[in-house]
Amino acid sequence: LDDLKNYGLKIDEIVWKFELYFSSDWKFLSICLGFNAANSNFFCPWCQISKHGQNNNQTNWKISKEIEKINEYPGHNKRPLFYMISLNNWVPDELHIMLRIWDRLWSLVISELKESNQFDDVCRKEIMQEMSRISVNFQFWKEHGADAWNHTSLMGDDKLKVLKNFNLGRILPPTRAKKIRELWNRFNQIYFNLKTKDYDVQQFQFEVEDWLELFLTPDRIIPNSNRIEKGLYSPSSITPYIHVLVCHISEFMEIHQKWGMKAFSCAPVEKKNHQQVSFLPI
Ligand SMILES: [Zn+2]
């Protein structure tokens, strides 16, 4: 690969130059970069944010690492496998951004139900009925002897159906459902824009920052009363994928405008993988 990048390939007296790109989900990308896991303190392959820095809620993290110096940054313990590919060309996969952020949004709703002791048979039945209404095949079950509930692991298409159409009002109070619905709708719109070739990069950045602000809506005291209107989520709920979406995707969109983010999608491979692993515990 190194030779290919430096010297190109000569076929019939024509030298073909190569620009190398790498795109995969987070785990494989980290392994190939010789980088630590997404749950460690320095978690981002592209910038030097730490878990601590994430709580400061800043969004001006830019791609700042260079592949030539990669082992000088904290967390990069091994030599990268593809050291000849510039870090700007290590592109996060749009599909995994949607899949993993969806996982977070869904698990935040389930946790909320559990915390308020609402996650009972009635609630699970409502969820399954609502899934059936929007044509998503979804079940809850318990493994023999285990306490935790498992549910069907959904594929990308089904996750999008839930994101767009699931009626949260069936399992949450109306004001709460409305708030979370807005967060989901806007994430769905962002994901659509992300895949739209030539979408305005500044506009996109504005939308993701706005979305993060909504995600982090704090609790609010209702004026002239002692009541508190519950906000949404805390900075500790931000996942590495959310960081990448908010801080780096617009940069990648700009750098790779001629291809569009969709060109780096892992969707066809994932469809195959899903047939091998179909269930996830929650
Ligand atoms: Zn970063």
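Q: Which residues have the most contacts inside the largest nonpolar core?
A: The model is a predicted one, and its largest nonpolar core has 73 residues. Within that core, the residues with the most contacts are Ile127 and Trp184.

Q: Which helix gives the most residues to this core, and between which parts of the chain does the core lie?
A: The helix that gives the most is α4 (residues 94–115), with twelve residues. Because domain 1 (25–90) and domain 2 (94–281) both give residues to this core, the core lies between domain 1 and domain 2.

Q: Which residues form one aromatic cluster?
A: A search of the whole structure finds ten aromatic pairs. One aromatic cluster is formed by Trp102, Trp106, Phe119, Phe138, Phe140, Phe166 and Trp184.

Q: How are the rings of tryptophan 106 and tryptophan 184 arranged, and how many residues apart in sequence are the parts that the pair ties together?
A: The ring centres of tryptophan 106 and tryptophan 184 are 6.5 Å apart and the planes stand at 45°, so the pair is tilted. Tryptophan 106 is buried with a relative accessible area of 3%, and tryptophan 184 likewise counts as buried, at 1% relative accessibility. Since tryptophan 106 lies in helix α4 and tryptophan 184 in helix α7 (residues 174–195), the pair ties together parts whose separation in sequence is 78 residues.

Q: Which helices are linked by the aromatic pair of phenylalanine 187 and tryptophan 211?
A: Phenylalanine 187 and tryptophan 211 form a tilted pair, 5.4 Å centre to centre with 35° between the planes. Phenylalanine 187 counts as buried at 1% relative accessibility, and tryptophan 211 is buried with a relative accessible area of 0%.

Q: What is the arrangement of the four donor atoms around the zinc ion?
A: The zinc ion is coordinated at 2.0 to 2.3 Å by Cys44 (SG), Cys47 (SG), His243 (NE2) and His248 (NE2), and these donors follow the spacing C-x2-C-x195-H-x4-H along the chain. The four donor atoms subtend angles of 105 to 118° around the zinc ion, which makes the arrangement tetrahedral.

Q: Where do cysteine 44 and histidine 243 lie, and how many residues apart in sequence are the parts that they tie together?
A: Both cysteine 44 and histidine 243 are buried. Cysteine 44 lies in the loop between α2 (26–33) and α3 (51–54), whereas histidine 243 lies in helix α9 (residues 240–247), so the pair ties together parts whose separation in sequence is 199 residues.

Q: Which residues of α9 are buried?
A: Eight of the eight residues of α9 are buried, so this helix is largely enclosed by the rest of the structure. The buried residues are Pro240, Tyr241, Ile242, His243, Val244, Leu245, Val246 and Cys247.

Q: Is asparagine 117 buried or exposed?
A: Asparagine 117 is placed in the loop between α4 and α5 (121–133), and has a positive phi of about 55° although it is not a glycine. Most residues other than glycine have a negative phi. With a relative accessible area of 68%, asparagine 117 is exposed.

Technical notes: Residues are numbered from 1 along each chain as its sequence is written. This is a predicted model: local features need pLDDT of at least 70, side-chain atom pairs count only at pLDDT 80 or more; totals for chains, interfaces and linings use all residues. Side-chain values use heavy atoms; hydrogens and water are left out. Donors are N, O and S atoms within 2.8 Å of the metal (3.2 Å for Na, K and Ca); water is not among the atoms, so sites may look incomplete. Four donors count as tetrahedral if all angles lie between 85 and 135 degrees; four count as square planar and six as octahedral if opposite donors are over 155 degrees apart and all others between 65 and 115; anything else is irregular. Helices (H or I, at least four residues) and strands (E, at least two) are DSSP runs, numbered from the N terminus. Buried means under 20% relative accessible area, exposed over 50%, partly exposed in between (1.4 Å probe, protein chains only). A nonpolar core is a set of buried Ala, Val, Leu, Ile, Met, Phe, Trp, Tyr and Cys residues joined through side-chain atoms within 4.5 Å. Domain bounds come from an automatic or database domain assignment. Rings of Phe, Tyr and Trp (its six-membered ring) pair if their centres lie within 6.5 Å; planes under 30 degrees apart count as stacked, over 60 as edge-to-face and the rest as tilted.
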